[in-house]
Each structure stands twice: as C-alpha cells, then as structure tokens.
Amino acid sequence: MTNIYLAGPFFDDEQIERIGRAEAALAANPQVGRVFSPRKNEIRDLTLGTPKWSDATFKMDVREIDQADVVVALIDYVDDQVDSGTAFEIGYAFHSQKPLVILHEKDTKVNLMLSESLTAYLQSTDALKTYDFATLPTSRYDGPVF
C-alpha cells in the first residue's frame, strides 16, 4: 500500500471542492494506504497564524512528506501563480527524491520547475482512482510553460 501526501491549496470554496475530490479519488484507489491531507489535519489546539502554530504546522507537514511514498500535488492556480505552500511542498518532495504526481485540471500554463520535476502528469481527478501507484508509470506535461 502506498502512502500519499496530498499537496494543494484549500483557501476558497473551489479549491476545497477540488482537493475534496482528490481525497475521495485517492480513497477509492485500492493501492493507496494512508493519505495525509493538510486540509484534514490542521492543528486546532493552537491559534492560527501564531509562531507556535506556524512552527508546528511546518514541522508536521515536512515530517509527513518525509514519511510519504509519493506526493500528489494539485497545481490549478490563478493567473499563472501556484500557491506558495504547494510550490514549497513540491520542491521539498523533489529534493527528497519522492515521486511526484501532478494533477492539473485547468487549462493554464505550467511553471517549468513543476513540469520538469514530476513523475506523472494527470489532468483528471478520476485518474487518481486508477493510477498505478505501485509501478508509478511516467507521463510528461507537453503543454506551454512559463
């Protein structure tokens, strides 16, 4: 069973809906064991935005990436600007030599740093239900980059 870290923004209703669909799709994949989604694991006993909360959240997320077998990242963003937290998680995963599955459902350009770091490029949340996390088949992004 593959353990997944799910990276992606969850700051507005559209993002929350999208990441919720990704969580459900991963839960439906029989090869997936544990899914860590920061959205579902927010630290609630500390005050949001305080130094203690920031430190605890950062350490938890980095630890969870370290423990994951694969990082799945949603890169649908606005005006060619990926969420900075998601960008960090992708960069950290790449540096840690974690396989990176990118989900990109919108018709936007992809930053070349993201397109060059991925193991697999998916364009549909439904593809997460059947993606082979055991063999991690590769697929490239071949669209426009910036």
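This is a predicted model: local features need pLDDT of at least 70, side-chain atom pairs count only at pLDDT 80 or more; totals for chains, interfaces and linings use all residues.

Guide: Most residues other than glycine have a negative phi. Glutamine 97, although not a glycine, has a positive phi of about 60°. Its relative accessibility is 72%, so glutamine 97 counts as exposed, the cut-off being over 50%.

A second residue with this backbone feature is leucine 136, whose phi is positive at about 50° although leucine 136 is not a glycine either. Leucine 136 sits in the segment after α5 (127-130). Here the relative accessibility is 18%, and because buried means under 20%, leucine 136 counts as buried.

The largest nonpolar core has 21 residues, and the members that touch the most others are Tyr5, Val71, Ile75, Ile90 and Ile102. At least two residues of this core come from each of β1 (2-7), α2 (51-67), β3 (70-74), α3 and β4. The largest share belongs to α2, with 3 residues.

Leaving aside residues up to four places away in sequence, isoleucine 75 touches Ile90, Ile102, Leu103, His104, Val110 and Leu114. Two of these partners, Ile90 and Ile102, are also listed with Ile75 among the core members touching the most others. Finally, there is a second, separate core of 19 residues, and its members include Ile19, Val32, Leu74 and Ala120.

Terms used: Residues are numbered from 1 along each chain as its sequence is written. Side-chain values use heavy atoms; hydrogens and water are left out. Buried means under 20% relative accessible area, exposed over 50%, partly exposed in between (1.4 Å probe, protein chains only). Helices (H or I, at least four residues) and strands (E, at least two) are DSSP runs, numbered from the N terminus. A nonpolar core is a set of buried Ala, Val, Leu, Ile, Met, Phe, Trp, Tyr and Cys residues joined through side-chain atoms within 4.5 Å. Contact means heavy atoms within 4.5 Å.
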